[in-house]
Amino acid sequence: MKQIVSTHNLSKRYQGKYCVEDLNISVEEGEIYGFLGPNGAGKSTTLKMILGLTRPNNGIVSVFGKEFNKNRRLILSQTGSLIESPSYYGHLTGLENMRIVQRLREVPEKNVMEALKIVRLDKQIDKKVNQYSLGMKQRLGIAMALMSFPKLLILDEPTNGLDPAGIGEIRELIKSLPERYGITVLISSHLLTEIEQIATSVGIINNGRMMFQGSMAELKDKSHSTIMIKTRNNKLAQELLYSKGFYSMQRGDSLVFENLMDEEIIQANRSLVTANIDVLRIEENKKSLEDIFLDLTGKEKSL
Ligand SMILES: Nc1ncnc2c1ncn2[C@@H]1O[C@H](COP(=O)(O)OP(=O)(O)OP(=O)(O)O)[C@@H](O)[C@H]1O
């Protein structure tokens, strides 16, 4: 697989404080890379550094295998982006706005309607952008970024402020881009559910540092389960099972065990029954992706 974006020890400080620190991102061709992190984690700053809009204090950005600083024009000519809210002239129509960008970027004229069709604005081209809904404005921004049919599309929180239907539409649109047009997508969000539904790979950033990077499947693999056992005498049960090599924690009215195999659950249950300790419940609790995200971003635990 070809690397489309890679950063090496990318860092940015504001007023002496790191907001991005030693970040190594790797986005491969054809991926939808979800860049996930809570508000203020450093996502926008990172994307701006990748696009040359903000100068890093340290580190290297490479796009399409070429160092950004030495190949700026070439890289930007093959990259589309939507960072923060789209910029447009509200008193002009959608089509007029697109035409301005088309001329500035020297993109073939036919791409204008093609991009508008993809974002499903082709029936609204003569409406003034001031009269567009938020979702339509956002789609216009994506059409502008798409117009040159770039090899790489960078979108910073493109669904911010949209209602669920609008979010769904943009999600489906983005999902279709790698296959239909061979576009690699780097998209940021602070919403795990968003990234979960769209991304093939994910990078989780917190306080400017990468906490996890890998495929969505690898992230999901982290969701190991716990076993909860509730008995009529948890204290006795805990002591007995500890003596048999099963470590547990008391949570609520249950004992919680990590990483128990089926055979071990059978053994633990048998020990309790043999010792005349009544077992009321044995339950499995799977860690959700949400729990993993909170573990990674809430407790500042690095992988
Ligand atoms: N120009 C700037 N001057 C000073 N501090 C800045 C500047 N830009 C960003 N920061 C700080 O850097 C940190 C990261 O900001 P950034 O916008 O990159 O986060 P983010 O992950 O994109 O969050 P959000 O989702 O809220 O936009 C924040 O603490 C922010 O206040």
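User: Axes are lines fitted to C-alpha atoms, for helices over the stretch in contact, and angles run from 0 to 180 degrees between N-to-C directions. In this predicted model, what angle do helix 3 and helix 5 make where they pack?

Analyst: Helix 3 covers residues 94-105 and helix 5 covers residues 134-146. Their axes lie 10 Å apart. The angle at which helix 3 and helix 5 pack is about 30 degrees.

User: Is helix 3 roughly parallel or roughly antiparallel to helix 5?

Analyst: The packing angle of helix 3 and helix 5 is about 30 degrees. Angles under 35 degrees count as roughly parallel. Helix 3 is therefore, relative to helix 5, roughly parallel.

User: Which residues of helix 5 meet helix 3, and how does the contact divide by class?

Analyst: Helix 3 passes helix 5 in a right-handed crossing. On the side of helix 3, Gly94, Asn97, Met98 and Val101 take part, and they meet Leu140, Ala143 and Met144 in helix 5. By class, the residues of this contact divide into 5 nonpolar, 2 polar and no charged.

User: What classes of residue form the contact of helix 9 with helix 10?

Analyst: The crossing of helix 9 past helix 10 is right-handed. Ala237, Leu240 and Leu241 of helix 9 make the contact together with Ala268, Ser271 and Leu272 of helix 10. By class, these residues are 5 nonpolar, 1 polar and no charged.

User: Which strands stand at the edges of the open sheet of 4 strands?

Analyst: This sheet has the strand order 13-14-12-15, with antiparallel pairing. Neighbouring strands are turned by 30 degrees against each other on average, direction ignored. The strands that pair on one side only are strand 13 (249-251) and strand 15 (279-286).

User: How many bridges join strand 12 to strand 15?

Analyst: Strand 12 (residues 225-231) and strand 15 run antiparallel. Ser225 stands opposite Lys286, and Lys230 has Arg281 as its bridge partner in strand 15. The number of bridges joining strand 12 to strand 15 is 7.

User: Over how many bridges do strand 12 and strand 14 pair?

Analyst: In strand 14, Phe257 stands opposite Ile227, while Val256 is the bridge partner of Met228. The two strands pair in the antiparallel sense, and the bridge count is 4.

User: Which residue takes a positive phi in the hairpin of strand 13 and strand 14?

Analyst: Strand 13 and strand 14 run antiparallel and are joined by 3 bridges. In one of these pairs, Gln250 has Leu255 of strand 14 as its bridge partner. The hairpin has 2 residues between the strands, and the residue with a positive phi near 60 degrees is Gly252.

User: Which strands does helix 10 touch where it packs on the sheet?

Analyst: Helix 9 packs on the sheet against strand 12, strand 13 and strand 14 (254-258), making about 25 degrees with the direction of strand 14. The direction of helix 10 makes about 160 degrees with that of strand 15. The strands that helix 10 touches are strand 12 and strand 15.

User: Why is one side of strand 7 and of strand 11 left without a neighbour in the sheet?

Analyst: The open sheet of 6 strands has the order 7-8-9-4-10-11, with mixed pairing. Neighbouring strands there are turned by 15 degrees against each other on average, direction ignored. Strand 7 (79-82) and strand 11 (209-215) stand at the edges, so one side of each is left without a neighbour because each has a single partner strand.

User: Do strand 8 and strand 9 run parallel or antiparallel?

Analyst: Strand 8 spans residues 152-156 and strand 9 spans residues 184-189, with 5 bridges between them. Leu153 has Val185 as its bridge partner in strand 9. The direction in which strand 8 and strand 9 run is parallel.

Technical notes. Residues numbered from 1 in each chain as written. Predicted model: local features only at pLDDT ≥ 70, side-chain atom pairs only at ≥ 80, totals over all residues. Left-handed = near helix turned anticlockwise from the far one by under 90°. Contact = placed C-beta atoms within 7 Å. Nonpolar A, V, L, I, M, F, W, Y, C, P; charged D, E, K, R; others polar. Pairing = 2+ DSSP bridges. Parallel < 35°, antiparallel > 145°, perpendicular 65-115°, else oblique.
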